[in-house]
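Work through the exercises below with the sequence and the structure at hand. Each task is followed by a solution in steps.

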Amino acid sequence: MTDRKPPRISSRKQPKQARSNQLVAAILQAAAQVLAAEGAQRFTTARVAERAGVSVGSLYQYFPNKAAILFRLQSDEWRQTTDLLSVILKDPDKPPQQRLRRMVHAFLQSECDEAQMRVALSDAAPLYRDAPETKKARANGERTLQTFLREMLPDTALAARKRAGDLIGTTLSTVGKQFSESPRTPAEIKAYADAMSDMFLAYIERIARA
């Protein structure tokens with residue numbers, strides 16, 4: 001029995017002209033609307049093309065299948081979040097402890113702001129979660145966190161820093177997803193972010209002492 005290959009999720013070609021960029025933007029906007037309205041189970045390329053007002057053939061010029069569209073939505077979200085957190089973690093004007101608190105708060109706020117889309121994308125994750133492109137996208141976020149931890153823990157062994165990064169990243173993503181599944185007030189988000197930050201900082205301090 002042979003293993004099934006993951007679906008191709010890379011774009012067929014990259015848009016180079018303004019008109020092509022507008023077409024891809026229209027497809028992605030329509031895809032987000034279809035995903036929000038229909039959910040991952042009823043998400044199809046035909047529905048996306050109809051909502052975008054383009055032919056299925058035009059859609060297939062850029063996206064080989066629905067997994068490619070969903071991954072593009074997911075990777076765009078990942079990139080936006082990674083860029084946001086990277087700016088916070090690299091801010092030279094703030095001490096590391098303050099940067100970590102700001103990062104946790106920004107992450108939780110982002111999770112709550114995009115909760116509906118993220119739940120739908122989570123349902124669609126089996127379509128692309130094992131693809132090389134997905135692993136590469138996740139690695140970018142992990143590198144950003146590891147760079148920050150090297151600054152906070154310069155004398156700590158690499159294995160311990162990697163373990164800390166895995167723990168922080170996994171906790172953020174797991175708790176963030178669960179926390180954002182219910183509507184949250186700004187006060188609730190701040191309280192949860194403060195509590196998580198306290199936990200992370202205590203763990204980091206213990207590693208530094210060791």
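Leaving aside its neighbours within four places in sequence, which residues is Gln146 in contact with? The model is predicted, so local features need pLDDT of at least 70 and side-chain atom pairs count only at pLDDT 80 or more, while totals for chains, interfaces and linings use all residues. Residues are numbered from 1 along each chain as its sequence is written, and side-chain values use heavy atoms, with hydrogens and water left out.

**Solution 1.** Then apply the contact criterion, heavy atoms within 4.5 Å. With the sequence neighbours within four places set aside, Gln146 is in contact with Arg161, Lys162 and Gly165.

**Exercise 1.** Classify Gln146 and Arg138 by relative accessible area.

**Solution 2.** The classes are buried (under 20%), exposed (over 50%) and partly exposed (in between), with a 1.4 Å probe and protein chains only. Gln146 has a relative accessible area of 14% and is therefore buried. Arg138, also found in helix α7, has 40% and is therefore partly exposed.

**Exercise 2.** Describe how helix α5 packs with helix α9.

**Solution 3.** Two packed helices are described by the angle between their axes and the distance between the axes. Axes are lines fitted to C-alpha atoms, for helices over the stretch in contact, and angles run from 0 to 180 degrees between N-to-C directions. For α5 (residues 96–113) and α9 (residues 186–209), the angle is about 140° and the axes are 9 Å apart. The α5 helix is therefore oblique to α9, as angles under 35 degrees count as roughly parallel, over 145 as roughly antiparallel, 65 to 115 as roughly perpendicular and the rest as oblique. Residues of the contact include Leu100 and Val104 of α5, and Met196 and Phe200 of α9.

**Exercise 3.** Characterise the largest nonpolar core.

**Solution 4.** Such a core is a set of buried Ala, Val, Leu, Ile, Met, Phe, Trp, Tyr and Cys residues joined through side-chain atoms within 4.5 Å. The largest has 28 residues, and those with the most contacts inside it are Leu100, Val104 and Leu172. Helices α4 (66–89), α5, α7, α8 (158–179) and α9 each supply at least two of its residues. The most comes from α9, with 8 residues. Beyond its neighbours within four places in sequence, Leu172 is in contact with Met103, Val104, Phe107, Met196 and Phe200.

Conventions. Helix = DSSP H or I, 4+ residues; strand = E, 2+ residues; numbered from the N terminus.
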